[in-house]
Amino acid sequence: MSEKVEKTEEEWRAQLTEEQYHITREHGTERAFTGEYHDCKDPGMYHCVCCGAALFSSETKYDSRSGWPSFYEPADDENVETKEDGSLGMARTEVLCAKCDAHLGHVFPDGPRPTGLRYCINSASLELKKPEGA
Ligand SMILES: [Zn+2]
């Protein structure tokens, strides 16, 4: 099993932009249709912007028209954690990076087959790395 990435608030602030920090470390949400990746169709792997863990493959990304990058499945279940979130008076399931506890977004049960899930993820939590040679 991999080790957890732990950093102080100052270290995260130094590494991340203000928006990335707000979303990943303070559980923020970017405004719909404003993120870098909501309409991105480039192939590659989306990594955690905080620790670099591989989170979602472009192969499982689909257009949910929600205004946020949406995936129906994590690239690796070991790298993605979910947790019940009762904030805002709604029962939602939060999606977190398993390695560094970065807040990524939420998962909803209205996605496409085969999983029926919609991982609704903030662009600011992600960094797309294109495949080698692309
Ligand atoms: Zn991470």
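Colleague: Which residues touch the most other members in the largest nonpolar core?

Modeller: This is a predicted model. Its largest nonpolar core has 24 residues, and Leu-55 and Phe-56 touch the most other members. At least two residues of this core come from each of strand 1 (45–48), strand 2 (54–57), strand 6 (92–97), strand 7, strand 8 (118–121) and strand 9 (126–129).

Colleague: Which residues does Phe-56 touch, not counting residues up to four places away in sequence?

Modeller: Among them are Met-45, Tyr-46, Phe-71, Val-80, Val-95, Leu-104, Tyr-119, Ile-121 and Leu-126. Glu-73, Pro-74 and Ala-75 are on the list too.

Colleague: How many bridges join strand 5 and strand 6?

Modeller: Six bridges, in the antiparallel sense. Within this part of the sheet, Thr-82 stands opposite Val-95 of strand 6. Val-95 is also one of the residues that Phe-56 touches.

Colleague: Which residues coordinate the zinc ion?

Modeller: The SG atoms of Cys-48, Cys-51, Cys-97 and Cys-100 do, at 2.2 to 2.4 Å. Along the chain, these donors follow the spacing C-x2-C-x45-C-x2-C.

Colleague: What is the geometry of the zinc site?

Modeller: The test is on angles: four donors count as tetrahedral if all angles lie between 85 and 135 degrees. Here the angles among the four donor atoms are 102 to 115°, and the site is tetrahedral.

Colleague: Is Cys-48 buried or exposed?

Modeller: Buried means under 20% relative accessible area. Cys-48 has 2% and is buried, whereas Cys-51, at 24%, counts as partly exposed.

Colleague: How many disulfides does a search of the whole structure find?

Modeller: A disulfide is a covalent bond between the sulfur atoms of two cysteines. The search of the whole structure finds zero. Cys-120, for one, is in no disulfide: its nearest cysteine sulfur, that of Cys-40, is 16 Å away. Cys-120 counts as buried, at 9% relative accessibility.

Colleague: One more element, helix 2. Which of its residues are buried?

Modeller: Helix 2 covers residues 18–26, and its buried residues are Gln-20, Tyr-21, Ile-23 and Thr-24. They pack against helix 1 (9–15) and strand 7 (103–108).

Colleague: Which residue follows helix 2?

Modeller: His-27 does, with a positive phi near 60°.

Conventions:
Residues numbered from 1 in each chain as written. Predicted model: local features only at pLDDT ≥ 70, side-chain atom pairs only at ≥ 80, totals over all residues. Heavy atoms only, no water. Donors = N, O, S within 2.8 Å, 3.2 Å for Na, K, Ca; no water. Tetrahedral: all angles 85-135°; square planar, octahedral: opposite > 155°, others 65-115°. Buried < 20%, exposed > 50% of the residue type's maximum accessible area, 1.4 Å probe, protein only. Helix = DSSP H or I, 4+ residues; strand = E, 2+ residues; numbered from the N terminus. Contact = heavy atoms within 4.5 Å. Disulfide = S-S within 2.5 Å. Core = buried A, V, L, I, M, F, W, Y, C linked by side-chain atoms within 4.5 Å. Pairing = 2+ DSSP bridges.
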